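Here are my notes for reading this model alongside its sequence. Please take the points in order and find each place in the structure as you go.

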Amino acid sequence: MKTLPLFAAIALLSACSMLGDGEAPGRVDKLTYHYDAQRTGWNPHETVLTPAAVAGDRFGLLWESPELDSFEGRPPRLQASPLYLDSVKIAAGQHRGRFSVAYVATTNGYAYAISTAAHKGVAPGTILWRKRLALKPCEGTLELIGVLSTPVIDRDQNRIYVSSCDLDRQWQMHALDVRTGEDVRGWPLTVDAATVNRPGVTRNGTNQFPSTLKHWQRGALNLSPDKSRLYMAFGKDGQSGWVVSIDTRNAKVASAFSTTPVSDQLQGGMWASGGPSIDKQGRVHIATGASYLMAVRLKAGIPGVYPDSPHSWGQSIIQLRDDPAKGFTLTGTYTPFNYCQVAANDIDLGSSGTIVVDLPASETATPRLMVLGGGKQGNFYMLDRDHMPGDLVKRHPCSTDPETDTSLVDPEPQPQFGTRGPINLFGPYSDDIGMMNSAKSRSTAAYFSDGKQHFIFATGSSKAGQDYSTPVPPGLIKVRIMTAPGKPAFPRIAAREMTQTFFNPGSPTVSSNGGKDAIVWVMDPNAPRLTKLDTADAPRPTLYAFDATTLKLLWKTAPGELYPSGKYNEPAVVNGLVLVGTDRVQAFGLLPKSAKPRPRPTATPTPAPAQPVGKVAQGKALFAGRCAACHESNVSEAPPKAAIASLPKPHLITAMTTGTMQPLAAGMSAEQIDAVAEYLKSQEEK
C-alpha cells in the first residue's frame, strides 16, 4: 500500500480537523487562494473527478448563479478566486439552514455567499447573502477595483476576511461572519497612512505608507498558522511594496514591512495575485517587483534599481518573521543574478507568487523548499528556505553571469545561457523585453506528488520568435524536483504542453485522489494583459483540464460557455465540483446519466487571433492591446489618445522606436509601428 507524501498527509489531517457540526467525513473546504497557506495549489482529496470522468461525455456545466451586481452600468468581474465551505449554517436572509457555500467577491465591491447544492427547495446557484463593501469602488487603469484580492476564511471563528477599496475610505479590511455576511464587531479596519505609519509599526527604514490612494491590494490574503495575524500585500507600478500584518484578535495593524527604506525609492511592488505564502514554521515569503515608472516614464536605467542601496529589496524574494511583540524581522532574501538588467526594463520577478513545498528529509538535504515558477521573464526559481542565500543588508552587485545565481539550479547547462543557471520556462529568453503584453507569466505555480516523485506545474505565455506579443505554446510546463539522499534538490523540466495557447493564464491548480488521478486545471481569459475586461464585448475565458501525468488535454469549456471574467482567477475544485468565478458563479461536474452526452474535446491547437486586414484596422488592434490601457484611461498620467493623435506621424514613430514608448512597442515590426501611427492619425481626422 502506497503512503501519501508528507504534505498530503498533513493536509488530510488539517481537512479532517476543520470539519464542523453536520459535515460528512472526507469532505473538503477551500479556505484560501491555492488551497492552503503554503500556496501549494493542490487538493489531494478529490475522489469524484478522475481523468477518465472529466474526459468522458458526462462532465459539463451543472448550474449557474444569477449575474452578480453591476455598479453604474459596469458589469461585475471576479479577479478574486472562489472559496468554499462544505457545511455552513446560514443565518441571514430568506434561506436559512445548513448549506454548502461558495464565497466570492467582485471588482464592483460586493461579497456573496452562494449555495452550491440543492437543499430544502433552494436551488444551487441561489444567493444566500450579499454584502456591499465599497459604496464607491476605486477605479483602476482597466477596471474597477472594489475587491481585487482573494479573501481568506478562518473556519474556527466563522469569519471571512475581505479587503475592499472605496474612493472615500481607501483600503478597508472586513471580517464578515460567514453565516450572515455582516461585519464582526470592531471591523472593518481602515488600512492607510494613519494606521500603518504609527510609531513602532513600520519596519525597514523611514519609508511611509502613502496618504493618497497609490497602492493596489491584489495579493491574496493569508493567515498565520495560529490565525492571530492576517497578511495583506500592496503594490503598484512606481511604488514601494508593502506587506501589512493585522492583529485579528484586536482589529488593528500590528506591523508593516516596506521593500525600500525611503519613500523616494520607487520599486519592489508586491502585486502578484498569489500574495504571501506561509510555511508551517510561520515564516512569510513574498516576491517583489520592478517599477514601470522608473523603467519607462523616467528611463532611470540600472541606477533606478538602486543596486547600491542597503535595505532595498526590489526584484527579490524575501522571508519575514512576524513576532507578536516585535513585529516583522527580515530573516532571508534571494535576488536573481540579473536583477539589475531585468528590473531596469520592468520585467518583474514579483508578477508571480511563491509557494512552499515540504519533502521528506530522507530524500534530500534541502527538504524545505520555496518555489517561484514564472515571473515576467518566464524563469523558474527554487530555494532552500532554511538557508536563504541572500544577504540581510544589501542585494549582491549587478551581474550578467548566470553561474553566479544562488538558487538551486539544474547542474546541466541551460540552452539560453550555454552554462548553468535558472531554467527558462516560457521563451524566448530576454533581459530586455518582458513587460506589459510581452510578459511571460503572472501566475503562481502548483505542487503535486505521486508518492514517489515531486512535480511543479507552471503556467505562462511563450511568445512567437522575436515577436514578444503573440502567444504560442508552451503555456503549461511540468517541472520535476530532482532529489537524492543527502544532496540538494534541483529542478528539471519534465514535460511541455504544446497544443493549447494561453494569453495571460491564471494560476494552475491540481486535484487528485492522494497520489493518483491528478488533473491540472487552468483558466485563461483569452486576452492579453492590457485588454479591458469589463466591457459588454469582453473576451470569454476558457477553463482547461489536463492529465497531470501526460499533460494531455482532457477537456475544455466550449467557446462562449463561460461568461466574461477578470484576470488571475483560479477555479475551486472541491468534492466533485469545479466552481468558476466569471460575472457569476458557474459550476461544472458529472451530469446525470439521463443528460445528453456532450462531444469529446480534441487537442487541436488554440490559435492566436488573426490580425485584422488593412493598416488602420491592424493599428487599431495593436493600439488596443498595447496602448489603450494608459492613453484611454481616466486614471493614468499618460496623455489621452486625442492628444497623441494630433502629433505628426514621424513624431509618433520616433516615440515608439527610440523614444518614451519604445518599451511598450518592444517586439513590434516597423510595419506594425507604422500601422499604429496610421491609426492614430486616422483618429485625428475624425
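1. In this predicted model, an open sheet is built from four strands in the order β7-β8-β9-β10, with antiparallel pairing. Strands β7 (152-154) and β10 (189-190) stand at the edges, and because each has a single partner strand, one side of each is left without a neighbour in the sheet.

2. Within that sheet, β8 (residues 159-166) and β9 (residues 170-177) are paired in the antiparallel sense over eight bridges, and Cys165 can be found opposite Trp171 in β9.

3. Phe209 lies in the loop between β11 (202-203) and β12 (222-223), whereas Trp242 belongs to strand β14 (residues 242-247), so the pair ties together parts that are 33 residues apart in sequence. Phe209 counts as buried at 4% relative accessibility, and Trp242 is buried with a relative accessible area of 1%.

4. Phe337 and Phe417 also form an edge-to-face pair, at 5.8 Å centre to centre and with 80° between the planes. This pair links distant parts of the chain, 80 residues apart, with Phe337 in the loop between β19 (327-334) and α5 (339-343) and Phe417 in the loop between β22 (379-384) and β23 (423-424). Both Phe337 and Phe417 are buried.

5. Elsewhere, Phe59, Trp521, Trp555 and Phe588 are linked into a cluster by ring pairs.

6. Finally, consider charges over rings: Lys478 lies over the face of Phe455, 4.3 Å from the ring centre, while the charged end of Arg584 sits over the ring of Tyr563, at 3.5 Å from its centre.

Terms used:
Residues numbered from 1 in each chain as written. Predicted model: local features only at pLDDT ≥ 70, side-chain atom pairs only at ≥ 80, totals over all residues. Heavy atoms only, no water. Pairing = 2+ DSSP bridges. Helix = DSSP H or I, 4+ residues; strand = E, 2+ residues; numbered from the N terminus. Buried < 20%, exposed > 50% of the residue type's maximum accessible area, 1.4 Å probe, protein only. Phe/Tyr/Trp six-rings, centres within 6.5 Å; stacked < 30°, edge-to-face > 60°. Lys NZ or Arg CZ within 6 Å of the ring centre and 35° of its normal.
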